[in-house]
Amino acid sequence: MIRAVVFDVGECLVDETREYGTWADWLGVPRHTFVAQFGAVIAQGRDYREAFQIFRPGFDLYEEREKRALAGQSETYGEDDLYPDVRPALARLRSDGLWLAIAGNQTVRSGAILRRLFADDVDLIGTSDDWGASKPDPVFFERVAAAAPAERDEILYVGDRLDNDVLPAARAGMQTALIRRGPWGWIQQHDPAADRATFRIDSLGELPELIAKANAGVN
């Protein structure tokens, strides 16, 4: 039985194309060059932050975020950056009586944006900065489990990454949905570990029916 659905942020709810582009601008490199290198790092199974090091050795993502903020160029996103299936899927899942949450590796600044966008659509919004733990740390998923009014195996965690979303959530005893979009979603789709996801989807719009069918099967 699935009683709670928890969503990752980047490339699950938010299309990060604009963010990648502004980072390329900040680094002073062509956008297509930055994106190509970013994808290469992911394909090699390396930490995505290493892509920044290629263009600027010694790059510290946290420090550069603060520098951007001071320069009036804070990372940001809004309604136009949401994938078009997000609002309809959340509305349908809520109407089906499911408890909904958003939980991902996000800054305090991003958390404030999420609350402006989704305060009326979900029951909980939590970020790694709020909780002092980042995915794939098990502590992050302990926080998710503690917040949800459901047993661990009744929680569905939805994300675009195997390493940060599907596999650690599964180890925490949750069900999982792997969505194929964004750099990780496309690059990791052929990894054998993708078969460990409860559901594999191309759109959040697929979730209501999949969950309804799964719950009907249990009943």
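How many bridges pair strand 1 with strand 4, and in which sense? Select both: strand 1 (residues 4-7) and strand 4 (155-159) pair in the parallel sense over 4 bridges.

Before you click further, know that this is a predicted model, in which local features need pLDDT of at least 70, side-chain atom pairs count only at pLDDT 80 or more, and totals for chains, interfaces and linings use all residues. Residues are numbered from 1 along each chain as its sequence is written, and side-chain values use heavy atoms, with hydrogens and water left out. Helices (H or I, at least four residues) and strands (E, at least two) are DSSP runs, numbered from the N terminus, and two strands count as paired if DSSP finds at least two bridges between them.

**Stop 1**

You have an open sheet of 6 strands in the order 3-2-1-4-5-6, with parallel pairing. At the edges sit strand 3 (124-127) and strand 6 (199-201), each pairing on one side only. From one strand to the next, the twist averages 20 degrees. Here and below, angles run from 0 to 180 degrees between N-to-C directions, and axes are lines fitted to C-alpha atoms, for helices over the stretch in contact.

**Stop 2**

Now pick Val6: its bridge partner in strand 4 is Tyr157. Look to strand 2 next, and you'll find Ala4 opposite Trp99 and Phe7 partnered with Ile102. Strand 1 and strand 2 run parallel, joined by 4 bridges.

**Stop 3**

To see one of them, click Ala101 and its partner Leu124 in strand 3.

**Stop 4**

Jump to strand 5 (residues 175-179), which pairs with strand 6 in the parallel sense over 3 bridges. Ile179 has Ile201 as its bridge partner in strand 6.

**Stop 5**

Helix 9 (residues 162-171) lies across strand 4 and strand 5, at about 160 degrees to strand 5. Select Pro168, which is in this helix; at 5% relative accessibility, Pro168 counts as buried. Leaving aside neighbours within four places in sequence, Pro168 is in contact with Pro136, Phe141, Leu162 and Asp163, where contact means heavy atoms within 4.5 Å. If you like checking distances, the C-alpha atoms of Pro168 and Tyr157 are 10.0 Å apart.

Phe141 takes you to helix 8 (residues 138-147), where Phe140, Phe141, Val144 and Ala145 are buried. Look down the axis of helix 8: these residues fall within an arc of 140 degrees, so they line one face of the helix. That arc is taken from the directions from the helix axis to the C-beta atoms. The buried residues of helix 8 pack against strand 1, strand 2, helix 7 (128-131), strand 4 and helix 9.

**Stop 6**

Finish at helix 1 (residues 17-27). Which of its residues are buried? Colour Tyr20, Gly21, Trp23, Ala24 and Leu27. Down the axis of helix 1, they fall within an arc of 160 degrees, so they too line one face. Their cover includes helix 2 (31-43), helix 3 (50-55), helix 4 (61-70) and helix 10 (182-187).

Keep helix 2 on screen. Helix 1 and helix 2 pack at an angle of about 110 degrees, with their axes 9 Å apart. On the helix 2 side, the contact is made by Arg31, Phe34, Val35 and Phe38, and those on the helix 1 side include Tyr20 and Trp23.

Conventions
Buried means under 20% relative accessible area, exposed over 50%, partly exposed in between (1.4 Å probe, protein chains only).
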